[in-house]
Amino acid sequence: MPWILPLIAALTGAVCASFLSVVSFRLFSGEQFTRGVSHCDHCQRKLTWREKIPILSYIVIRGRCTSCHKRIPIAYFLSELGLGLAFGIAAARWQQISGFPAAPVSAHDTGLLIFWLFNIAVLGLITIYDIDHMLILDAIVFPAVAVGLAAIAWLQGFQLQPVLLCLLSAGFDAMFIGAIVALTRGQGMGEGDIKLAFLIGLITGWPHGVTALFLSFIIGALFGSLLVLLRRKGMKEAIPFGPFLSLGAVIALLWGEPLLNWYLNAFIII
Ligand SMILES: [Zn+2]
């Protein structure tokens, strides 16, 4: 049954998103109690288990608290849906590559799936935090770089050259975004985006780090135009760029190889 693993992964992703919303809140406020996910933000009432089922609860209670009837931010629902979809799609894509469940799976392949899901969760947390606070925290990016580097070293069998290529990719992405930040004098993108770009270049590797940046600019431009068209934002209003970088990174992480082949076939070799 090829859909079981993607389904389990999708549910894990949705649960993970509710957890990350709590982490994001704690990182911002430094407070130890949980809020947002297990309490209503308005009346502080503790949520029942029926109201804590990811994705479904929001639909059942129609986005309103059952006691005070105040609106529950749709961001909770969207983050659960988004991370659930991303985990599910990642598991489906991994099955395509690894041949699971028909073929036996190696430790390397299992490691790759964990590597993908871990990094998607990190990028999810960065996205949630960046949307809320327009900031990308060192406290998230630095540990993620350390874990990413160790994981890549293991996945590459502790060979020096492929690990160096990932670092080259990281350096390239960071310098590219750094150049934009310098040219635009920090309007729009900031220091946090440079560090995020380093992480993205590292985990996607060379040359997929370039693909990740390319995709994020396309997605960002499309989304920005859409907002202006819908008159939701003015031309000069700032939109955090971290979510676009993260989305581009996830696509490049999962489909870097086929995207590169498609690009080479379509534009270079005629
Ligand atoms: Zn309430």
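Predicted model: local features only at pLDDT ≥ 70, side-chain atom pairs only at ≥ 80, totals over all residues.
**Exercise 1. How many residues does helix 6 have, and how far does helix 6 reach from its first C-alpha to its last?**

Numbering starts from 1 along each chain as its sequence is written.

*Solution.* 
- Find the element: helices are DSSP runs (H or I, at least four residues), numbered from the N terminus.
- Helix 6 covers residues 160-183, which gives 24 residues and a reach of 34 Å.
- Check the expected span, 1.5 Å times one less than the number of residues. For helix 6 that is 34 Å, and the reach is close to it.
- Step past the end: just after helix 6, Arg185 has a positive phi of about 50°.

**Exercise 2. Work out which residues of helix 6 are buried, and what they pack against.**

*Solution.* 
- Buried takes 20 or more other C-beta atoms within 10 Å of the residue's own, with C-beta atoms placed from the backbone.
- In helix 6, Cys166, Ser169, Ala170, Asp173, Ala174 and Ile177 pass.
- Recall that an α-helix has 3.6 residues a turn, so residues three or four places apart point the same way.
- The partners of these buried residues are helix 5 (138-155), helix 7 (191-204) and helix 8 (208-229).

**Exercise 3. Describe how helix 6 crosses helix 7.**

*Solution.* 
- The crossing of helix 6 and helix 7 is right-handed (the near helix is turned clockwise from the far one by less than a right angle).
- Sort the contact residues of this pair and you get 13 nonpolar, four polar and two charged. Here Ala, Val, Leu, Ile, Met, Phe, Trp, Tyr, Cys and Pro are nonpolar, Asp, Glu, Lys and Arg charged, and the others, Gly among them, polar.

**Exercise 4. Are Asp193 and Lys195 buried or exposed?**

*Solution.* 
- Asp193 sits in helix 7, and Lys195 lies in helix 7 too.
- Asp193 is buried because 25 other C-beta atoms lie within 10 Å.
- Lys195 has 22 C-beta neighbours inside 10 Å, so Lys195 counts as buried.
- Now list contacts (C-beta atoms within 7 Å), skipping residues up to four places away: Asp193 touches Ile136, Ile177, Val181, Phe241, Gly242 and Leu245.
- Lys195, with the neighbours within four places left aside, contacts Ile136, Asp138 and Val141.

Terms used: Helix = DSSP H or I, 4+ residues; strand = E, 2+ residues; numbered from the N terminus. Buried ≥ 20, exposed ≤ 12 C-beta atoms within 10 Å, placed from the backbone. Contact = placed C-beta atoms within 7 Å. Axes fitted to C-alpha atoms, helices over the stretch in contact; angles between N-to-C directions.
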